[in-house]
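Dear colleague,

I am handing over the structure we spoke about, and below it you will find what came out of going through it. Please read the notes with the model open beside them.

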Amino acid sequence: MADGSESARTRSARASVDGAPPGGAAAPSPEDAYLERRTLRRGSAGPLLLTGLGVAYVVSGDFSGWNFGLAEGGFGGLAIAALLMGLMYACMVFALAELAAILPTAGGGYGFARRALGPWGGFLTGTAILIEYVLAPAAISIFIGDYVESLGLFGLESGWPVYLACFAIFIGIHLWGVGEALRFSLVVTAIAVAALLIFAVGAFTDFDADSLNNIPVDHSAFGAGSWLPFGLLGIWASFPFGMWFFLGVEGVPLAAEETRDPARTLPKAMAWSMGILLLLALVTFLAATGARGSGAVQDAGNPLVEALQPGGKATVLSRIVNYAGLAGLVASFFSLIFAGSRQLFALSRAGYLPRFLSLTSSRKAPFLGLLVPGAIGFALAAWTGDGARMLNTAVFGATISYALMSLSHIVLRRREPGLERPYRTPGGTVTSSIAFVLACSALVATFLVDKDAAFIALGVYAVALAYFAFYSRHRLVAAAPEEEFAALAEAEAELSRD
């Protein structure tokens, strides 16, 4: 079992195809014992909790971060970038919904790429997802500290005690159980979404279309004008910031093993999540830039509050939105911890990472998959204090995973057209091809914004790939669901050739 060679996986899958269990009807095999110690709680999440999870991943991005794209592309550049990135995420979500219905396991993107692109493709995808989901919570913990300090809560200042409290409290809730964790996330997310809608109503009362394009024009830039003050290149440079309205929604399939009827529930929840996020992006972007002007919010750490405070004077509504911004950060922080733990759990269970990381507690929580990334995230936050750099690094990892997951959909559609698909992506490979092209464009755009962050991510990738090449790829676990699914394809191909 520990070896997991290609021939062993193929024999196991061939036995499954023939209808006979690999180990016969004897006592539980070592494979069964191995997986029993690595089991998540089944059936804990339904459509509502999963939809809330999809929105929770992203909602903090509506409160801050996106506005820095105004300094790269102006209102027009960021608007076009957000539209294109919204198209990328919508296309990718439809493609992932099909893949999640085919393979509803905790591996998510790693599992999809494993079948389509082989072990190397699976590992590359899973590692990129981990980079995103380990670094993003670390960055958000810093932002939470900044909010706590600015709001004067309990007289605390932003620093390691606040970061430690964030990780300790919210990881503790996750250790309690997935059902409890997702219900907590839903409540906090609902508060944040309600505040965004209240903000939009208040900000639109001061809407002025003339203030949208009030950023000075750089006439030396090609194609520059009031709509595109930094020219056509500004659109491309704004891609990473347009992503902030949607970054993380692709993590919904990571809850597959804890979902009731995942083949039906996951596509529905992902579609609803994406629809809500598109609406929130539209109203937030227009309301914030139209109330005070793009120039006023382009560098603001809290653009929604800035949009509600003419002359810098706080109002009742701005205070409400300020507190709600903290709720939005908590929702995203909390849900991203969930996503990172599940991706780490799946990679570890299959042997790509040290296997002890996938052990689960008596409450069926991957406790080491929560504690180890949490410790790394806290250490990075306390050591660097640079949330923007960590988020840019996370975005780089995300774009790599988007390209590979979209490619996996294209490959599986063409290589295995007869594969049972409970849900089919509208538009088929045309849809996933659009996502693939835009993901590649966004990946290149990260170098325009923060070269250092991109190279940091590449450095992490190099270390991970060395570990896989020289050690873990020789020790994969054939019994892991994602590995069995890939081996089944190999066995079926062999049977068809016989």
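Helices here are DSSP runs of H or I with at least four residues, numbered from the N terminus, and on that numbering threonine 284 belongs to helix 11, residues 262-292. Please keep in mind that this is a predicted model.

Threonine 284 has a relative accessibility of 0% and therefore counts as buried, the limit being under 20%. Leaving aside residues up to four places away in sequence, threonine 284 touches Asp62, Trp66, Leu196, Phe199 and Leu304.

The buried residues in helix 7 are Val162, Tyr163, Cys166, Phe167, Phe170, Ile171, Ile173 and His174. Viewed down the axis of helix 7, these buried residues fall within an arc of 150°, so they line one face of the helix. Their cover includes helix 6 (109-151), helix 8 (178-204), helix 14 (316-349) and helix 15 (367-384). After helix 7 comes glycine 177, which has a positive phi near 160°.

Two other backbone positions deserve a look, given that most residues other than glycine have a negative phi. Aspartate 261, although not a glycine, has a positive phi of about 50°; it lies in the loop between helix 10 (239-242) and helix 11, and with a relative accessibility of 41% it counts as partly exposed. Lysine 364, likewise not a glycine, has a positive phi of about 65°; it is placed in the loop between helix 14 and helix 15 and is partly exposed, at a relative accessible area of 26%.

As for open space, the largest pocket has a volume of about 680 Å³. Its lining is made of 26 residues, and those nearest its centre are Leu130, Ile131, Val134, Ile376 and Val460. Two or more lining residues come from each of helix 6, helix 14, helix 15, helix 16 (387-415) and helix 18 (451-470). By class, the lining of this pocket holds 21 nonpolar, 3 polar and 2 charged residues.

Lastly, alanine 90 sits in helix 5, residues 70-102, and is buried, with a relative accessible area of 16%. Between alanine 90 and arginine 414 there are 21 Å in space, C-alpha to C-alpha, the two being 324 residues apart in sequence.

With best regards

How values were computed. Residues are numbered from 1 along each chain as its sequence is written. This is a predicted model: local features need pLDDT of at least 70, side-chain atom pairs count only at pLDDT 80 or more; totals for chains, interfaces and linings use all residues. Side-chain values use heavy atoms; hydrogens and water are left out. Buried means under 20% relative accessible area, exposed over 50%, partly exposed in between (1.4 Å probe, protein chains only). The arc is that of the directions from the helix axis to the C-beta atoms. Contact means heavy atoms within 4.5 Å. On a 1 Å grid over the protein atoms alone, a cavity is a set of points where a 1.4 Å probe fits but cannot get out, and a pocket is an open set with protein on both sides within 12 Å along at least five of seven lines; lining residues have an atom within 4 Å of a point. Grid points are joined across faces, edges and corners, and a volume is the space filled by probe spheres set on the points. Ala, Val, Leu, Ile, Met, Phe, Trp, Tyr, Cys and Pro count as nonpolar, Asp, Glu, Lys and Arg as charged, and the others, Gly among them, as polar.
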